Amino acid sequence: MPNNATLRRQRTLGGVLGVIVLGFALLYHFFPRLFHVDSVQAPRRSMSLGAAASDGGLQPERVSAISELNAGPPLTLAPAAVIAAHSGKNANLPEQLGADPPQVQALLERANKALHAGRLVGDESSAAALFGQALKDKPDSRRAVQGMFDVRARLVAEIDQDIAVGDVDAARDLLDALRTLPNAETEVAQLEASLKTLEQVRPMLAKAAGLLQQGKADRPQGGSALDLYREVQALDPHNAVAEQGISQVQRAVLDRALAAVAQNDFAGADQELAKAQAIRPGSQQMIDVHKRVDDMRLQRANNVLAQAHTALDAGNLELATKLAAQVRAIAPGLAALTAFDEQLTNARLYANYKPGQVFTDRYVDLPGKAPAMVVIPTGSFRMGASADDDPSGTAQPQHTVTIAKGFAMARSAVTVAEFREFVRASNYVPDSIRLGGASVYDERSGSLRDDSSATWQDDYAGRKADDNLPVVNVSWNDANAYADWLAQRTGKTYRLPSEAEFEYALRGGTTSRYWWGDGTPKQPVENLTGSGDRSRSGRRWSHAFRNYRDGYWGPAPVMSFAANPFGLYDINGNVSEWALDCWHDNYIRAPNDGSAWVNPGCRSHVLRGGSWGSSPEQVDSAYRQGADGELRSGRVGFRVVREL
């Protein structure tokens, strides 16, 4: 039996290390040849325990043991005092009629010291003999009865320990001592039965260890180490060696699962994992290995899926199909596989995009992808407004524009996260930093004010912006630089939308004042100025859509509302957006083919679409305004288009 210092060191290692130490100790005890040594008789138990004792009342060993019940390594490695306290049994103390006389107190003092020193039984100076003499002198002494009970409990605990680790000889020696104590008949009978069982299972355990060494952990069926360990557990359900052996069997099966993963045989790994789960359901090593396999499966599936995306983007449908089949075999439930299958089907059936289709271009030179795009159908529309609807004349003359070539437009405005990716990857310095500041909302005045510290990383009020908000405080120069960067990363033609493309996409095939109709929406469709909206301090809009409330004062996270008929979100609310065109006071000589109206070197550009702070007139589908290309505002963002 380990000495006191060793036991304390074992307890400090914790439960996991305790299990490992126990496993090696048991293997060494029963199967020494596994470690290339000859079997020798282990030294007998010394029965020495504990720290200094104190006088009176409940034995100090029991008090300290109770405090250790939930600490340290497995119970079989704990001090016998801890195990005795853990048993939950208590002495049946008599009614004491008088105080212990001095000679009895002296005997009890000596008995406690002997108990503390581990001299439980034996000569006249042992704890059992001294407590027995005290009981002879005063049969109703509660301390003497309790002391004799503690001696018996400590002996039972030590015998249990010896049985747990398979030390039959030590257990029999202590059992002989236990027989000499009064009222121990029940424990003796139980321990004798346990010893008999131990002698029966020892050869079975030795044979099982040999099968483990031969690689017959769980097969062949009926002749494996697992079968023998199960037989042992049927005879001795609490046999520690059998439990440890079953854990080793499961470890061997889990190792086979990891070996299968190393060969990219995930189906084989799943079979081995299922076998391991049946051996010891929910064990920690089972959970750990299962997670490792799942992580490796996901990593492998994503790598192959990335190759499949590359093949599809290159137009190699045959290779993309084969790679998708590999992904399906590796991880059938991979969420991204469903989306890829849809893309593959569309490419196979249509050989190109179709109106309304949503797609995403992946970067060709680094990880990542462009914003989600939706294909806009070709067609014609009446651009601008009549004189009655446009007193300023900036949206006149109304004219027909034909979009003869399809294009795709971002489903939403570019987000803070997407713009951040661009800034980090390109080292671009946005104008809000290069020139300093932006115009942000001032709650006190209810209007925009210049803030020299506001940047694209801030929201409409100059606070740090969430990643899913549309990026604001960006200039036309910033928006154009982002589009150029996307083109470089994807190898596709990305740019800002022309003013004609924007109005065509905004209308979504409608001819009404707004894409949802001619008046106030009956339900939230865009982030607009509503009479029911309130700012943080309780401000309300002086001119807004009556009886409308969308719940936002300032930009909302992108795609928080409904899409228009062409599948575009926030196209006429949330933030106004930069167009590619230079600003012109009207549409005289404007292109009618949907192209941008650009004059080399122009400084002012077009803003289209309503914002969270626009009046109902400024949300009109035909409404347009111009601004300096260096403008940065908490009401202005942008989205991109991609040529097909």
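Helices (H or I, at least four residues) and strands (E, at least two) are DSSP runs, numbered from the N terminus, and two strands count as paired if DSSP finds at least two bridges between them. The model on screen is predicted, so local features need pLDDT of at least 70 and side-chain atom pairs count only at pLDDT 80 or more, while totals for chains, interfaces and linings use all residues. Residues are numbered from 1 along each chain as its sequence is written, and side-chain values use heavy atoms, with hydrogens and water left out.

**The sheet**

Begin by selecting the five strands of an open sheet, which follow the order β1-β2-β5-β13-β8 with antiparallel pairing. At the edges are β1 (358-359) and β8 (494-495), each of which pairs on one side only. Next select β2 (residues 373-376) together with β5 (residues 407-410), antiparallel strands that are joined by four bridges; here valine 374 stands opposite methionine 409 in β5.

**Two cis peptide bonds**

Another cis peptide bond, with omega about -5 degrees, joins glutamine 396 and proline 397, and proline 397 lies in the loop between β3 (379-383) and β4 (399-403).

**Two asparagines**

Select asparagine 427, in the loop between α15 (416-426) and α16 (431-436), which has a positive phi of about 60 degrees although it is not a glycine. Asparagine 427 counts as exposed because its relative accessibility is 65%, the classes being buried under 20% relative accessible area, exposed over 50% and partly exposed in between (1.4 Å probe, protein chains only). Asparagine 473, in the loop between β7 (447-451) and α17 (476-490), also has a positive phi of about 60 degrees, but asparagine 473 is buried, at 0%.

**The disulfide**

Finish with cysteine 582 and cysteine 602, which form a disulfide with their sulfur atoms 1.9 Å apart; a disulfide is a pair of cysteine sulfur atoms within 2.5 Å. The torsion about their S-S bond is about -75 degrees, so the disulfide is left-handed.
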